[in-house]
Amino acid sequence: MVGRLCRIREERDSYRGANKKVPIRFLFPKIVQNATCDKAKKLPGLLETHYIRTTGAEHNQHRHQTMSTSIAQAILQGANTLRKGGVPDERREAGSLLMYVLERDRSYILTHAEAELSDEQVEKFIAALNERARGKPLQYITGRQEFFGLEFEVNSDVLIPRPETELLVEAALALVSQNGAAFICDVGTGSGCVIVTLLHKLSLARAVALDISPAALAVAERNATRHGVHDRLSFVTSDCFAGLGPVPGPGFDLIVSNPPYVAERAVDGLQREVRDFEPRAALVSGEDGLTVIRRLLLESGNYLKSGGVLIFEMGFDQHDAVRQLIDENSWKLLEIYHDLQGIPRTVALAKRD
Ligand SMILES: C[S@@+](CC[C@H](N)C(=O)[O-])C[C@H]1O[C@@H](n2cnc3c(N)ncnc32)[C@H](O)[C@@H]1O
């Protein structure tokens, strides 16, 4: 038996790097020494069995034939893989990965349960499942995330846009002047989801996007081009406002920010998808999570015109601490917006003269 397994391993190894399909008996050497088509079909793990089926006759002649995988089977087995990897909502996530692989929407997946995947699609699906099962967020695998009805490119250089940040955009839209001809600054632009959406909605507005990460700004720039607002937006690598230089005219009408706000001590407790995959600079802001918010409150006034508005997002538990930081001689509190879970999330302040 040992000699036999050795031979199998040697034969299997000869397939490596040869760009050939690996016969199923090498994937399951103990089970499928003489697999027939029917036996192969009964093997656990459909995606593994996709590779090869060998009928008795074909097996003798060392001829192999690919076994088919349907959408329904792929979802079932994909969800299995994800569940073992500790991924919640595994069926939906498997469906999303399959949509990405097939370049189809969910309704296609739902209505074509019997449609078969090509070999390339199966391979791409397995690779995506394995990445997801290791904790990589779905959006970094598919390279996109929807925000405020627009699709944004994302990669591991930027935070994945969050639904609660749509509140920041809604509030900002409500606060800009009626004709929308605002001059806006976005501090910590990341993917650009906030400022690109604002410019997309406000066709007369112009803006500056700041981020400490040049890699993030490169993503934001591509998103600005994708949504046709590139000519009204400039990008500056900057630690808060330090790299900005003098602002033309009376200053910005509006400064928006979804700053990093996780406390250093809270990082270990984050979900692995966030902790291990999203950029640390996009998450963490000093010991108490308030370093960048403090700087926004201290420095924004220098760049806003009189009566201009500062609006920013904060952490779910930071409301009281942020209220303490607001200097009432410098700022008039306009509103604190609550998210859909009733958590105070977004603060709007007007600069006092
Ligand atoms: C929470 S993410 C927000 C990204 C995007 N605006 C969004 O809402 O999805 C914070 C962003 O701020 C940037 N950042 C962190 N510290 C900064 C600083 N001191 N100055 C400027 N940008 C900073 C990070 O690189 C990251 O892109």
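Author: Residues are numbered from 1 along each chain as its sequence is written. In this predicted model, local features need pLDDT of at least 70 and side-chain atom pairs count only at pLDDT 80 or more, while totals for chains, interfaces and linings use all residues.

Reader: Why is D89 called partly exposed?

Author: D89 has 13 C-beta neighbours inside 10 Å. Buried means 20 or more other C-beta atoms within 10 Å, exposed means 12 or fewer, and partly exposed is in between, with C-beta atoms placed from the backbone. Therefore D89 counts as partly exposed.

Reader: Where does D89 lie?

Author: In the loop between α6 (71–84) and α7 (90–102). Helices are DSSP runs of H or I with at least four residues, strands are runs of E with at least two, and both are numbered from the N terminus.

Reader: What makes a set of residues a nonpolar core?

Author: Its members are buried Ala, Val, Leu, Ile, Met, Phe, Trp, Tyr and Cys residues, joined through C-beta atoms within 7 Å. The largest such core here has 63 residues, and I184, L254 and I311 have the most contacts inside it. Helix α12 (residues 193–201) gives the most, six residues. Another core, of 17 residues, lies apart from it; I71 and L138 are among them.

Reader: Which residues come nearest the ligand?

Author: G188, G190, I212, N258 and A282, of the 25 around it. A residue is near if its C-beta atom, placed from the backbone, lies within 6 Å.
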